Amino acid sequence: MPTVLRIDGYRFFFYSNEGVEPYHIHVSSGDCAAKYWIDPVALADNIGFRAPELNKIKIIVIQHRETFKEAWNEHFSEKNQ
């Protein structure tokens, strides 16, 4: 479960067994969790985050989209070698 970014109390990560799905990132904070598709950025799932917080997280995902994609590609290409 590689952590890609920690910012503003949020942890952005993906699971190592999800390489068959399109680019996405999970985010957690406290007891809340969400999943965002990266291309295009869209909310896939939410447990506990309220709408204003989801909007804030979406902006962070947009700002760091390339970082998330690079980490995804690096991780899953290493697993397949």
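**View 1. His-26 and its partner across two strands.** In this predicted model, His-26 has Lys-35 of strand 4 as its bridge partner. As a reminder, strands of a sheet pair through backbone hydrogen bonds, in either a parallel or an antiparallel way.

View 2. How many strands form the open sheet, and in what order? There are 5, arranged 1-2-3-4-5 with antiparallel pairing. On average, neighbouring strands are turned by 20° against each other, ignoring direction.

**View 3. A helix on the sheet.** Helix 1, residues 51-63, packs on the sheet and touches strand 1, strand 2 (10-13), strand 3, strand 4 and strand 5. Compare the directions of helix 1 and strand 2: they make an angle of about 50°.

**View 4. The nonpolar core.** Here you can look for the 18 residues of the largest nonpolar core. Phe-12, Ile-25, Val-27, Tyr-36, Ile-57 and Val-61 have the most contacts inside this core. At least two core residues come from each of strand 2, strand 3, strand 4, helix 1 and helix 2 (65-79). Helix 1 gives the largest share, with 4 residues. In soluble globular proteins, nonpolar side chains tend to be buried together.

**View 5. Around Tyr-36.** Leaving aside residues up to four places away in sequence, Tyr-36 touches several residues, including His-24, Ile-25, Val-27, Leu-43, Ile-57, Lys-58 and Val-61.

Technical notes:
Residues numbered from 1 in each chain as written. Predicted model: local features only at pLDDT ≥ 70, side-chain atom pairs only at ≥ 80, totals over all residues. Heavy atoms only, no water. Pairing = 2+ DSSP bridges. Axes fitted to C-alpha atoms, helices over the stretch in contact; angles between N-to-C directions. Contact = heavy atoms within 4.5 Å. Core = buried A, V, L, I, M, F, W, Y, C linked by side-chain atoms within 4.5 Å. Buried < 20%, exposed > 50% of the residue type's maximum accessible area, 1.4 Å probe, protein only.
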